There are 2 protein chains.
Amino acid sequence: MSKLQAPERTRIALDAMGGDYSPEEIVKGGVAAAQDDGMEIVLVGPEDIVRAELGKYGSTNSRISIVHASEVVAMHERPVVAVKEKRDSSIVVGIELLKNAEVGAFVSAGNTGAVMTAACLALGRKKGIGRPALGAVFPFPAGPLLCLDLGANSDCKATSLVQFAHMGSIYMEKVFGLENPRIGLLSSGEEDTKGSQMVQKAHKMLRKAKVNFIGNVEGRDIARGIADVIVTDGFTGNVLLKLGEGIGEMLLDSLRAAVAENPALKEASDLLEPTFQSVIRTLDYREYGGALLFGVNDNVIVAHGRSDADAIKNAIMAAKLAAEQGVAGAMEG
Amino acid sequence: MSKLQAPERTRIALDAMGGDYSPEEIVKGGVAAAQDDGMEIVLVGPEDIVRAELGKYGSTNSRISIVHASEVVAMHERPVVAVKEKRDSSIVVGIELLKNAEVGAFVSAGNTGAVMTAACLALGRKKGIGRPALGAVFPFPAGPLLCLDLGANSDCKATSLVQFAHMGSIYMEKVFGLENPRIGLLSSGEEDTKGSQMVQKAHKMLRKAKVNFIGNVEGRDIARGIADVIVTDGFTGNVLLKLGEGIGEMLLDSLRAAVAENPALKEASDLLEPTFQSVIRTLDYREYGGALLFGVNDNVIVAHGRSDADAIKNAIMAAKLAAEQGVAGAMEG
């Protein structure tokens, strides 16, 4: 008889140098995630810098390791150039770990375009997918909603939106167990004559596609549970995503101002705090962990560029789930 | 000595047949607005239908009159065709009243494209303006923010965004008294390499334009008071606008659900009600009255297609303000 095996752990590679608050907040988030017994974190970045950050947290957790990468891709760099020239960057090295099956997922809050480019080059795209998309599931009270693209492609063709619809449909079916997921096309009106030329074309194509297309949905429908997947171009998706963030902050600011003006409201505000926080969490994808890169052959999670340690921890948890569920594999159609 | 003159009134033409809840809610909103002594409402639509609606409100107010228009432009009709073929529609007749200076502003919750087309044809565009835009001022706690385009043009060229910036700058200077209004370009990142090809081109052009261009702003910045004017294409603007509506409703639903689950929260929720309502009002432009059509030679207000009587009343009040301030005239540059 063999000895009892250590419980199987999910290894996640984390880009220690990506995002506005790297490496401090990234490493802090990685350390927090490694508190989970079932998790192993591989920090990717310049060893001296990462080690110095890790040093802040005392004795090294055996579930955290470092893989050295000497270069860093900055947020403003042109993705294709950066990925080709910086072969020893934390993004390229992290994606290589994934390619070599040394980890089950890769998480980065760095240059989104560079992550996408590196993933396409090293991991390859799914069959039939021209452009990958960033997607996230929003836990609205009316039901979970997958939105994509949230920013991988600022300019989209109608054919890409149809591909996003197919990927979204498979994802919600396989990961959330929904039968025949309802696909909506984000537009400026219900009628098929509404929207940009591209959106009108996508509408026509989706009518013929093998997905359960329910037609156009408007901004006001997003939180209503009328669709399971909403497809849009990456520009609109990204602007919407960040508006949600801003509105959450405005809501909190308004409450604080009301309490400051009338301290008698403090108790009421405290009582309702959990409700506000749940609304804000729903609007803010930093809260529940990054967006999944749909359309590449492995699990890549893009966290918000402004991620703090909590956001990174949440993104790692989402990556763990993706790795354990074999999300990228499930997307084979 | 002459007799005492009646107080001067502002006459507003109201499209009785426009919007999803016409004619009932439109006429009801018009009747409510006419309670204001300084206001005169001209209802435009089929006389029998409008008179029957007015009949619901008892004795006729002398400040309400009807101008007959036998046709109606439906929401789904192609604007240019509808305006050319339906010369006796409430939209075309209402715009003609404005052109002939019989009213100080025209309000419609009808087919936006048709209102814009009729306005361009009958009133003409401002010098140097290729495409008019819909703009509304959001009363954020951090300061008023003019957003345009909110849906007049689903496809925009970079040159149009520059024109929107010029119009927005003049408006905020002349109507809100701001010196050198700060103009932001809505994009998916701060860097000038972010955004669609069109947005990147607009960024370059705005750098050279004679406006106080502060660069790209993201969705999260909208409520923050970092800009006085935000320009975007009509597709993105419209989606954003309607998302605000949806989020307001989600917030209220979440509060109701929390109170239903725990009745002890009822009192707290009631106490904070004014705060929630003010946040929701800020997000929902129906609350403060329609969008102004920027770039045409008179005051045209486009109300939300789903306007109820309150929204119509608010839109009329906004129209009154525009007429009294001579907003369209002030925009001469």
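In this predicted model the copies meet through the same surface, because 100% of the interface residues of chain A are also interface residues in chain B. The contact takes 46 residues from chain A and 46 residues from chain B, two residues being in contact if their C-beta atoms, placed from the backbone, lie within 7 Å. On the chain A side, two or more residues each come from helix 8 (234-261) and helix 9 (266-283). Helix 8 of chain A gives the largest share, 18 residues. Helices are DSSP runs (H or I, at least four residues) numbered from the N terminus. This side of chain A holds 21 nonpolar, 16 polar and 9 charged residues; Ala, Val, Leu, Ile, Met, Phe, Trp, Tyr, Cys and Pro count as nonpolar, Asp, Glu, Lys and Arg as charged, and the others, Gly among them, as polar.

Chain A superposes on chain B by a rotation of 180° with 0.0 Å of shift along its axis (RMSD 0.0 Å), and the two copies are thus related as by a two-fold rotation axis. The C-alpha of A:Ala268 is the nearest to the axis in chain A, 2.1 Å from it. Superposition was by least squares on the C-alpha atoms of residues with pLDDT of at least 70 in both copies.

Chain A is divided into domain 1 (1-124 + 296-333) and domain 2 (133-285), with bounds from an automatic or database domain assignment. Their C-alpha centres lie 26 Å apart, and the contact takes 9 residues from each of the two domains.

Residues are numbered from 1 along each chain as its sequence is written, and chains are lettered from A in the order in which they are written. Local features need pLDDT of at least 70 and side-chain atom pairs count only at pLDDT 80 or more, whereas totals for chains, interfaces and linings use all residues.
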